[in-house]
Amino acid sequence: MSSDYEFSDDDGDYFDDEEMIDGTQDSEAQSEDDMDMDAFGDDFKVTPKGKCKSYEIEYESLSQSAVERLMQKDVDHICGIFGVDSGIASLLLRHMKWNKERLIEKYMDNPTAMLVAAGVTMPEPVVTSTPTPIRTHSSHTTPTNTSRRPTRATSKLMALASGSKSKSPTSSPTSSFTTPKAVKTAKSEEVFVCPICFDDSPGLQTLALDCEHAFCSTCWTSYVGSKVRDEAEHCIRCMAEGCALACPDSFIRSILVPEPGAPITDAAQEEENAKTWARFQELLVRHFVGCNTSLKFCPYPSCTNTVSCPAAASKISLTTVVPTVSCGARGIGGQAMTQSQQGSQLGIGGKEHKFCFGCPIESDHRPVVCGAAKLWLKKCRDDSETANWIKSNTKECSQCQSTIEKNGGCNHMTCKKCKHEFCWVCMGPWSEHGTAWYSCNRYDEQTGVEARDAQSKSRASLERYLHYYNRWANHEQSAKLALDLYAKTEKKMEDMQITSALTWIEVQFMKKAVEEVDKCRMTLKWTYAMAYYLAKGNQKDLFEDNQRDLERAVEDLSELLESPIEAENIPTLRQKVTDKTVYVQKRNEIVLEDTANGFVEGRWRWNVTVDGFDDPTEVAI
Amino acid sequence: MDARLRRVNKEIADCKNDKTSNIKIELIDNSPFHLKGSFPGPEGTPYEGGHFEVDIVIPESYPFQPVKMKFITKVYHPNVSSASGAICLDILKDAWSPVLTLKSTLISLQSLLCSPEPNDPQDAEVAKHYTTSKSSFEDTAVYWTQIYAGGPGPKEKKGKSSSAKPDERDEVAIAGLEEAHVNQFASLGFPRSKVIDVLRRLNYRGANVAKITEDRVVEELLK
């Protein structure tokens, strides 16, 4: 079984964000390269560094906190360049979909427009009193905080934003601070009514962004909660209509996370808020991962890991590699188990989170590349059953090749499409039937033979497809039954320990063999999809030779596994199974490696247009 | 008190006190979260003189999520579904702000009637009609206003829409088609309702009449 290095939060330190973007990490990167050869039971093995096999790809699994650290690095980088605080840098990066280069370019071009577009500052600079790095004129310096008597909410914000230059002015009926604007002073003397919930109780806590659109803190909490939970929105704008100012993270945190030591007023609400805050952070990570082509989320339910695979980041790279990766976790659900806990257990519960970095169609479709695998699956979904039915129930018009079902009536057929009249029995043109209507006795006539030839030609492609499909489906079916096989094998392993002197560790060869069969069937399955699309030629013959060898070896091993266990022949069985397992492993590796090398060398030629490849040079079906 | 209930009650009360806007909000049943709004059709539009009713449902997370509104009165308008009354308006979707109220939203609906957005349609057939022939669209909208919203009916000065008889509902006018066109194909022996249906779908109006061949229409009719 493959084993991953234990990944922990420390993994993130390994990364340098430059490497992330450029994909310049090379041989240093840790990689999973012991897929098949290492002995079973070696669950704690740390994979050696170094070049992986040609059918494997270098990747790294990252936990949520590791991704957060990557984000922070980008944010810090922008902070350093623009001289803004991290809240603003984060908003800018999010607005530009984490494309640092474009952000820097655009910001240098027109910082004001950039800040407005990202919701950092107001469009008209006269309205607010927020100093931003680009507005340095005196009228916009921060009013001294001492002139205010901040409410609790204000002080919270001040504390949070104190490292930065931004501050969020708040208005409160209870505070009688002087503000830079006369209008504001007049307003703050009136009783404050929240424009959303119409609450006018005195002492109402209010919050506002730099736009000074003040609302009560309860409404802010509900608003942020609704945006984050219902809409999964990470860019939360001011509640006022048409106001495009976005809430910085510190502001959202101040709304959702109580100050340390603050009295708990409503435990249920606070728990809810804590969940919202966690969800908000998750959304930020998701956005970051979604914007970065070299990162992908583990698609398994409730798994929060991310895989970084710079080698498969571009679409063109998917023509040369099949990026099968694993996030390192196992199991389904919240209790993603580590290998050490799960290593001894067979079956689906402990399946590692393996997935294809390039496409969502199947977790491991090696050796065939994503484009061809997708084409094949689409064809199967559209065609397989229909094709079978067509084969047994229809004939093609000998003139226009339309597929025709005869659902009654006589043998005098008239094609609805081309109006060609022919005989259903001999397929020859009806005109030659002369007066012998309705009883065909002209089977050997030349025209009839020609028509049937055309018919069989068009049938041949259908036959060809069904040949590949049936084998593909057969392996898929076997893979589905793997679960039963696992259970049966476990039972056999137990029996063996009872009936012979073999110990637990000595019967593990069975488990190893079952795993190998399962894996090889996956490979075999996809080799049929590959072979269907491969253009005729020596390369295809070689491919099919390799395929045949693997298939034979797998079937032999399967048979051995199914054979009944008798105490006296256990040692021979063990020897046979072990030998065969090693052989199967080798064959599988040859298929995978040769195919992968073929993609790198551009050796394979398709008989159809596969996404990302050049048009087929020769069409041979 | 529940903040949502307080807010909705205040909004209903505000609307009652406001005599200038002509916008009314009434309860449909005992729940304050299912309401009926109404407003007069804006002047200078085909909807002038009509009285338009809107079904309002206040969602659980109101006002942080937008209110759900659809027309009860049938409206002939590119951004309103002619079948269901569903409305395509940004503030009812992603441009919603919690500061908006039922009244301000209804006013926005009223102004939507003044300024159709045929490029972002809710009802593609109506939108096509609008872009093909604005005057024919307006005649139909006036007719709909008359029969569904209690409007005054087509103005005398326009001879084109004379086919609309004020007393009985004229299916041809409802579909925004020409009587002559319908008669032309009905005389071939097709049922009248089917002819209306097909011609409406094909947008057999204005300059399009010249572009759509008779064969094409007949082909559709035979389907």
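Predicted model: local features only at pLDDT ≥ 70, side-chain atom pairs only at ≥ 80, totals over all residues.
Residues are numbered from 1 along each chain as its sequence is written, while chains are lettered from A and ligands numbered from 1 in the order in which they are written. Local features need pLDDT of at least 70 and side-chain atom pairs count only at pLDDT 80 or more, whereas totals for chains, interfaces and linings use all residues, and side-chain values use heavy atoms, with hydrogens and water left out.

In chain A, helix α3 (residues 64-82) packs against helix α5 (residues 100-109) at an angle of about 20°, and their axes lie 12 Å apart; helices here are DSSP runs of H or I with at least four residues, numbered from the N terminus, and axes are lines fitted to C-alpha atoms over the stretch in contact, with angles from 0 to 180 degrees between N-to-C directions. The two helices α3(A) and α5(A) are therefore roughly parallel to each other, a term for angles under 35 degrees. Contact (heavy atoms within 4.5 Å) involves D74(A), H77(A), I78(A), I81(A) and F82(A) on α3(A), and K100(A), L103(A), I104(A), Y107(A) and M108(A) on α5(A).

Turning to the two chains, chain A gives 15 residues to the contact and chain B gives 13 residues. Together they bury about 1,200 Å², with 63% of it on carbon and sulfur atoms, where buried area is the accessible area (1.4 Å probe) that two parts lose on being put together, summed over both. I196(A), F198(A) and E241(A) supply 44% of the area that chain A buries against chain B, more than any other three residues.

Chain B has a mean pLDDT of 85, and 92% of its residues reach 70 or more, pLDDT being the predictor's confidence in each residue, from 0 to 100.

How values were computed:
Parallel < 35°, antiparallel > 145°, perpendicular 65-115°, else oblique.
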